[in-house]
Amino acid sequence: MRVFERIAIVVLLTVLATAGTGVSAAAQREEWPTQGWHRSSPEAQGMDSNVLAEAFDEIRRRQIAIHSLTIVRNGYLVLDAYFWPFQDNLLHDTASVTKSVTSTLVGVAIGQHRLSSVTQPVTAVLGAPSIANLDPRKKRLTVEHLLTMTSGLDCHHDKGEITLTQMRGSPDWIGFMLGLPMVVEPGGVYEYCSGGMHLLSGIITKATGVSALDFARHALFAPLGIEEAAWPSDAQGISHGWGDLHLQPRDMAKIGYLWLRGGQWENRQLVPADWMRSAVQVHSQPGSSPGPGYGYGLWIYPDRNPPIFEGLGRGGQRISVVPAKNLVVVFTGGEFEPGDIGQFIGRAIKSDRALPENSADAARLATAVRAATEPPAARPVTTAPTQAKVISGRTYALDANPFDLRSFSLTFSGGATAQLQLELVDRLDRPRPVGLDGVPRVSPDGRFGLPVAVSGAWESANSFVLDYNEVGNINNRRFRLTFVDEGTSVELTETSEPLATVRYRGRAR
């Protein structure tokens, strides 16, 4: 997968009045970011700008596919970074961090007495009479069992989350999940189950009378000052409890700060304190111990030094909280390992008190910021083979494939840009420019209104490699299109394995 290594980042290097006094800003006053984060230099919060700059060197050197990096210490925003082509003020798919937000909303609903407690039976909330495979074990299934991934339902994570796929293929997702047979007593065995989190979303809707998104808007997002969010729902209006919530990274950091503060926000206890304390304790153990445990929709690392907990999603989405360091870190990306960057953040923390400001280190970081805002440098465009004229403008209809692509066409008109037209299962995508000089062309109106960045190059006389990066929607795919039979057929592969063989259908445009 080709990674866009150049970085766009906004870093604020304002020196606080308290800097140099030896007292952290947190000790001076309480700050809440409801109307926007209060910003600080890293040094004023005991962090080293030079080490943070080294992190950007590493990202560039290894072409790490990170999209954003947000660091909050002592309630102050010390780093707010955006990696080209992702940009500030865009929503980003949080992936399975959504599970942590869904779980938090359960706590909010309990605090508002919409739900009685985590021990409330699921069948009592959702209604037992219409539930398939109802047996005594299922009647003992509680909200807490869903929160801790110990439902005992016949739910499986293997084969690409096969149960989630089956659920999404059914007309009634809640009915499908709740109708699954029980295989073990609830509470006994951990099994990662995205569909169980969708049941929690259904429980929120049943208890509050609105979708999880609408409940979040007035009961969680509004108090935190989160104004923009996107969260799709199923055919019954139940927000996807397991994933697909889109938030801005700084707003993700607000959720992490709420967790850090034990569910308190300003003068309100949005999430019950006892619920929040329980949420960050290990309730179930994925795999063998030692290793991460699972709380209420959160991953818990009690054996790390210092201990952390986090919401975690595929592709590198994280809201990580380190209570002992008064630290919240948010990562978003398109398939990368946040731990590769986390080690620099750990090394950057030098003290619990303010450090002297260092103008040279600040300048180095600022220089990295300015350089990183630019896209990669253009390369010379290779001469197009004869095949480019043959296939240009033709529409290729695809056999069934894992990417929900029905057809595509590529149009080459000379120069450094081509044009791509995709037909997906659910929509006809807008024509998108394709950079042929190593610089992805960014175009608007992808899924959730987010941009798409596309580049490509001829690999041989008959093979064209296409990079299609959905940026804020995580997916960054590299396809090899090999044109055969004088351009009347195409073989589509991702990496090295053929995924679909297709025949040309229709006529050249």
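Is arginine 314 buried, partly exposed or exposed? Arginine 314 is partly exposed, at a relative accessible area of 44% (buried means under 20% relative accessible area, exposed over 50%, partly exposed in between, with a 1.4 Å probe and protein chains only). This is a predicted model, in which local features need pLDDT of at least 70, side-chain atom pairs count only at pLDDT 80 or more, and totals for chains, interfaces and linings use all residues. Residues are numbered from 1 along each chain as its sequence is written, and side-chain values use heavy atoms, with hydrogens and water left out.

Next, select glutamate 335, whose side chain meets that of arginine 314 in a salt bridge (3.9 Å, N to O); the term denotes a side-chain nitrogen of Lys or Arg within 4 Å of a carboxyl oxygen of Asp or Glu. Glutamate 335 is in the loop between strand E12 (327-333) and helix H13 (339-348), and arginine 314 in the loop between strands E10 (308-313) and E11 (317-322), so the pair ties together parts 21 residues apart in sequence. Helices (H or I, at least four residues) and strands (E, at least two) are DSSP runs, numbered from the N terminus.

Move to glutamate 459 and arginine 480, a salt bridge with its closest N and O atoms 2.7 Å apart. Glutamate 459 occupies the loop between strands E18 (452-458) and E19 (463-469), whereas arginine 480 belongs to strand E20 (residues 476-484).

Finally, select aspartate 467 and arginine 478, which form a salt bridge (3.1 Å, N to O). Aspartate 467 is buried at 3% relative accessibility; arginine 478 is partly exposed at 32%.
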